[in-house]
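Q: I am new to this structure and would like to learn how to read it. Could we go through some features together?

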Amino acid sequence: MAASTSVVPVPVTAAAVPVLSTNGDFSDLREIKKQLLLIAGLTRERGLLHSSKWSAELAFSLPALHLAELQPPPPITEEDAQDMDAYTLAKAYFDVKEYDRAAHFLHGCNSKKAYFLYMYSRYLSGEKKKDDETVDSLGPLEKGQVKNEALRELRVELSKKHQARELDGFGLYLYGVVLRKLDLVKEAIDVFVEATHVLPLHWGAWLELCNLITDKEMLKFLSLPDTWMKEFFLAHIYTELQLIEEALQKYQNLIDVGFSKSSYIVSQIAVAYHNIRDIDKALSIFNELRKQDPYRIENMDTFSNLLYVRSMKSELSYLAHNLCEIDKYRVETCCVIGNYYSLRSQHEKAALYFQRALKLNPRYLGAWTLMGHEYMEMKNTSAAIQAYRHAIEVNKRDYRAWYGLGQTYEILKMPFYCLYYYRRAHQLRPNDSRMLVALGECYEKLNQLVEAKKCYWRAYAVGDVEKMALVKLAKLHEQLTESEQAAQCYIKYIQDIYSCGEIVEHLEESTAFRYLAQYYFKCKLWDEASTCAQKCCAFNDTREEGKALLRQILQLRNQGETPTTEIPAPFFLPASLSANNTPTRRVSPLNLSSVTP
Amino acid sequence: MKRGLFLRHMILAYSKLSFSQVFKLYTALQQYFQSGEKKAVEDADMELTSREEGERKMEKEELDVSVREEEVSCSGPLSQKQAEFFLSQQASLLKNDETKALTPASLQKELNNLLKFNPDFAEAHYLSYLNNLRVQDVFSSTHSLLHYFDRLILTGAESKSNGEEGYGRSLRYAALNLAALHCRFGHYQQAELALQEAIRIAQESNDHVCLQHCLSWLYVLGQKRSDSYVLLEHSVKKAVHFGLPYLASLGIQSLVQQRAFAGKTANKLMDALKDSDLLHWKHSLSELIDISIAQKTAIWRLYGRSTMALQQAQMLLSMNSLESVNGGVQQNNTESFAVALCHLAELHAEQGCFAAASEVLKHLKERFPPNSQHAQLWMLCDQKIQFDRAMNDGKFHLADSLVTGITALNSMEGVYRKAVVLQAQNQMTEAHKLLQKLLTHCQKMKNTEMVISVLLSVAELYWRSSSPTIALPVLLQALALSKEYRLQYLASETVLNLAFAQLILGIPEQALSLLHMAIEPVLADGAILDKGRAMFLVAKCQVASAASYEPPKKAEALEAAIENLNEAKNYFAKVDCKERIRDVVYFQARLYHTLGKTQERNRCAMLFRQLHQELPSHGVPLINHL
């Protein structure tokens with residue numbers, strides 16, 4: 001990637017902001033800290049609160065500077081001085097959300113800062129009006145018609161300035177946001193890239209870029225500035241694109257460099273672990289994070305998902321109480337409470353809280369999916385379908401919604417119909433065994449056993465979470481009277497379970513041992529057969545069969561049949577098999593013969 | 001009266017608005033007036049326009065919309081009524097006259113725009129599905145179809161009156177539609193799975209109507225199976241019982257088609273069609289009437305009655321023009337039309353009216369653009385006609401190049417034509433191999449028409465390799481088959497071949513009497529080429545049988561033969577079959593020579609020499625050529 005050569009000529013902004021040239025390595029943490037503090041101030045002055053927060057958080061994680069090292073505030077230019085009064089007044093109005101008023105007083109200001117605030121107030125005013133309009137629209141016809149009226153004008157003005165190269169980094173950022181809101185994605189990406197070149201320290205521009213990039217290929221063709229901010233960006237986008245391995249690697253590097261105290265990085269790592277379903281690790285990191293930063297609300301919805309999966313009721317309840325105390329009108333809080341109710345099987349209440357979350361932020365897609373799950377629990381399939389569809393509308397790449405739709409149709413006993421949805425989910429998460437197992441089950445129901453076998457095998461190969469794929473595969477082989485393969489699968493299954501060392505109750509263990517015992521018995525491998533039969537006796541449902549088989553073996557042995565010991569039974573193979581059972585194992589692409597998309 | 005009601009609606013709606021809504025309405029009105037100053041605007045508010053008054057204006061909007069696609073996003077959203085009108089108009093255009101509908105790309109743009117403003121507008125997804133079918137896009141069409149049903153399910157559940165019933169209903173039809181989609185794209189296995197699902201759900205909820213639809217589709221999928229007619233009979237009975245005239249007569253039509261291939265007598269088939277026609281007229285199912293007529297055309301063609309076929313085809317075409325005068329729904333691009341027009345083109349080509357045939361094809365090309373659903377029909381027809389012309393002209397390389405195109409559209413036909421070309425190029429072994437393979441395949445597929453054609457080709461192969469005795473049983477088999485299935489055209493063709501075989505075997509009297517039997521249908525309904533061949537053969541037989549006659553009688557017979565040859569020559573001339581004309585002229589010259597008419601002989605000989613220099617010789621002796 002030719003990162004150092006920028007595609008766009010960089011306008012001279014250094015005069016106004018002296019220390020914003022950044023370099024690509026982390027050798028000078030003090031310098032980085034200085035830069036972070038500076039940008040936090042600059043963004044705050046312009047009302048870009050989230051970026052300011054991010055920079056400040058990151059700066060806080062680095063060691064404090066001495067008095068001598070502290071950066072003096074950037075010098076005030078002539079233009080700034082001229083607009084000082086207007087700016088001060090407008091900023092005050094801006095802070096109390098009187099955007100139109102702020103814009104009115106900033107009209108005609110020349111300094112970059114005042115101009116940005118002017119445009120930004122107009123943009124925010126449009127957004128605010130749009131949100132208000134949705135409440136009292138003239139009727140259902142207008143649903144989705146409300147739009148930010150200011151966007152067009154803003155675009156025209158900003159593009160003029162852009163062509164004249166009069167925009168600084170913040171101006172470019174705002175231009176990009178306007179373009180994105182107008183669904184001009186390609187142009188928006190170009191402008192954001194330009195913004196990162198001009199002002200690499202502004203996290204908001206990077207974040208917007210994250211939302212616009214949909215796959216790895218797109219990422220490859222971007223020419224990004226060579227700065228340390230890029231590392232944060234890459235780590236973030238890898239997490240978004242589900243490239244978890246790479247993301248974790250990046251975050252580890254950042255921690256090693258010295259950002260170990262940053263709550264942002266810690267939380268991102270936790271989210272990454274959540275995405276690859278490494279629940280224990282994610283849980284411990286989240287617990288750590290809560291100790292560090294007890295009043296943090298961001299990402300707590302992910303934490304609650306984890307607690308939900310592990311059904312840790314008391315912890316979830318504690319979290320819900322705590323968050324409710326901090327701020328009950330946050331999307332995350334509603335989500336946590338929804339999860340809590342869901343875990344207590346009070347699905348109506350849970351759905352209510354997810355709805356509340358959506359009222360607070362209609363673009364919060366997790367809530368749509370979760371609401372779909374709740375409706376499913378309530379057996380209200382049509383509402384569930386609606387919720388999932390909404391989720392997909394917000395984000396087409398939400399595999400959980402696709403999976404949920406598939407499940408809904410599966411419950412409606414339409415296995416063929418749901419194949420499409422599972423396939424979509426599988427496309428989005430090619431290495432997630434749950435979709436593969438679901439696909440396999442559907443194919444099994446449709447009696448397409450070859451396809452089903454492929455799916456189960458693949459599910460095992462990519463690292464089966466629920467450990468069910470092998471048993472299902474074995475049963476399929478059993479059905480097809482491919483006893484050899486069936487036995488192999490059962491053996492692998494048992495190895496898997498034992499190598500995991502979990503004491504989780506596996507219902508199918510007895511089935512596996514029973515089949516193996518009978519298989520060895522048929523092959524006349526008496527030793528192995530009796531071992532398996534003995535194992536069978538340990539389970540309630542197979543005890544009698546195991547005993548009977550043992551008796552038979554004994555009988556046959558006593559009759560003088562020479563046990564064939566030459567064939568070494570592949571029973572408990574060395575534990576090395578478990579070593580290559582990691583989820584990252586490369587497997588050939590799944591080649592399902594069906595032509596349908 | 002109506003206006004009063006409308007005003008009342010307006011006032012009620014207005015008084016319900018809150019202040020901010022009134023403000024919004026005011027600004028919207030202001031904008032509307034400003035933007036619409038060019039047009040004479042009489043009724044103001046877009047969304048409250050009454051249906052009657054709005055419609056005319058909406059049409060205008062529609063026209064405008066299609067012109068300025070780019071501006072549509074700023075022209076603002078359509079109202080519910082406008083959107084519904086737009087959808088239904090486009091959908092009916094897609095069904096009836098695709099060329100008049102918006103182009104796929106611009107229609108999709110409109111739909112996307114519509115969905116952006118109102119994502120819950122499920123019908124738009126369905127139209128998008130239809131639109132995607134037009135461009136044969138499996139992925140998008142599946143996506144749109146499923147999206148439509150996902151949305152439909154939610155609206156079905158919302159309306160209390162339908163309740164659980166409406167919701168389950170859409171599920172069944174969702175699966176059924178998916179089956180139809182897969183069937184359309186030729187994914188028969190997938191279609192069957194989807195259909196099974198639809199059937200199961202319909203059975204669980206006792207929805208007989210849906211089950212009927214499933215049954216019809218089941219027949220469509222299982223057409224290849226021999227027992228499928230049982231299914232169909234059952235389906236027809238049930239459909240009548242549940243009062244589904246459309247399905248019932250569609251079933252009857254399929255049944256007729258099936259029976260026609262199975263060799264049932266024409267009167268029974270026509271009776272059945274007449275009965276279903278009664279049903280159509282009663283329920284005014286104009287689409288099915290068209291199909292019925294097209295089917296009659298095809299059946300007459302199958303039985304080799306070209307005049308009747310011609311008449312039926314013409315009837316369909318003129319009936320449609322009547323309907324358009326009456327202002328009814330004009331159905332312009334249905335399959336039945338394509339079928340009738342293709343038959344028309346082929347019939348004209350058979351009679352040597354190539355200009356007329358190409359005119360018909362040109363019309364077909366306009367009406368069914370190459371990427372539309374039924375375009376394959378005329379493509380195949382076009383190639384077949386070209387192939388026949390090339391073969392008549394003796395341009396085998398040209399015919400050979402057409403074979404690939406035919407194979408792409410219909411593999412069986414393609415293989416047959418390939419064999420014919422090989423045979424004409426004297427590559428007997430390859431031709432024989434191909435024909436044998438094709439024969440077994442056709443017998444498996446129960447395509448009797450093709451079986452007979454292949455048998456005839458095989459027989460020709462035998463006598464061309466000088467073993468006419470082996471050809472006889474093959475020909476008898478073909479004759480038996482064509483008699484059994486009442487394929488008159490093929491039967492007389494077979495008789496011609498038989499007579500020819502007898503001529504080679506040296507029993508011209510027998511051949512002559514056989515020919516007398518077959519000549520009538522050939523001259524009545526046969527293609528021009530066949531007429532010529534028949535007359536040529538008659539002349540040959542006459543000459544051969546005259547060998548044993550007394551001189552005066554012999555001269556008379558030869559004169560008669562010359563007359564027949566003249567007729568044959570005329571026929572061949574009509575279809576540009578120079579090679580055959582050359583043969584005829586040669587033969588005539590010989591006859592004139594025997595009769596001692598030197599002048600005529602010389603004229604014929606000169607003609608022969610001219611033609612012989614023009615055409616390459618293929619080394620097939622004249623006698624071994626029917």
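A: Gladly! Let us begin with a charged residue. In this predicted model, A:Asp398 is buried but forms no salt bridge. The nearest side chain of opposite charge belongs to A:Arg400, 4.1 Å away.

Q: Where does A:Asp398 lie, and which residues is it in contact with?

A: You will find A:Asp398 in the loop of chain A between α20 (381–394) and α21 (399–411). Leaving aside neighbours within four places in sequence, its contacts are A:Leu365, A:Thr369, A:Ala391 and A:Leu428.

Q: Is A:Ala391 buried or exposed?

A: A:Ala391, which sits in helix α20 of chain A, has 0% relative accessibility and therefore counts as buried. Not counting residues up to four places away in sequence, A:Ala391 touches A:Leu365, A:Trp368, A:Thr369, A:Asp398 and A:Ala401. As for A:Ala401, 10 residues separate it from A:Ala391 in sequence, while their C-alpha atoms are 6.3 Å apart.

Q: How can I check the length of a helix, say α24 of chain B?

A: Count 1.5 Å a residue: the 18 residues of α24 (residues 488–505) should span 26 Å, and the end C-alpha atoms are 25 Å apart, which agrees. Since 15 of those 18 residues are buried, α24(B) is largely enclosed by the rest of the structure. Just after α24(B) comes B:Gly506, with a positive phi of about 90°.

Q: Which residues touch the most other members of the largest nonpolar core?

A: That core has 219 residues, and the ones touching the most other members are A:Tyr123, A:Leu209, A:Phe232, A:Phe233, A:Phe259, A:Tyr409 and A:Tyr417. Another core, of 113 residues, lies apart from it and includes B:Phe500, B:Ala518, B:Phe572 and B:Tyr592. Setting aside neighbours within four places in sequence, A:Tyr417 is in contact with A:Tyr409 and with residues of chain B, including B:Leu146, B:Phe149 and B:Glu197.

Q: What surrounds A:Tyr99?

A: A:Tyr99 belongs to helix α4 (residues 99–106) of chain A. Its relative accessible area is 11%, so A:Tyr99 is buried, the cut-off being under 20%. Beyond neighbours within four places in sequence, A:Tyr99 is in contact with A:Phe94, A:Ser121, A:Leu124, A:Ser125 and A:Lys128. A:Lys128 is 29 residues from A:Tyr99 in sequence, with 9.0 Å between their C-alpha atoms.

Methods:
Residues numbered from 1 in each chain as written. Chains lettered and ligands numbered in written order. Predicted model: local features only at pLDDT ≥ 70, side-chain atom pairs only at ≥ 80, totals over all residues. Heavy atoms only, no water. Helix = DSSP H or I, 4+ residues; strand = E, 2+ residues; numbered from the N terminus. Buried < 20%, exposed > 50% of the residue type's maximum accessible area, 1.4 Å probe, protein only. Lys, Arg positive; Asp, Glu negative; His and termini not counted. Salt bridge = Lys/Arg side-chain N within 4 Å of Asp/Glu carboxyl O. Contact = heavy atoms within 4.5 Å. Expected span 1.5 Å × (residues − 1). Core = buried A, V, L, I, M, F, W, Y, C linked by side-chain atoms within 4.5 Å.
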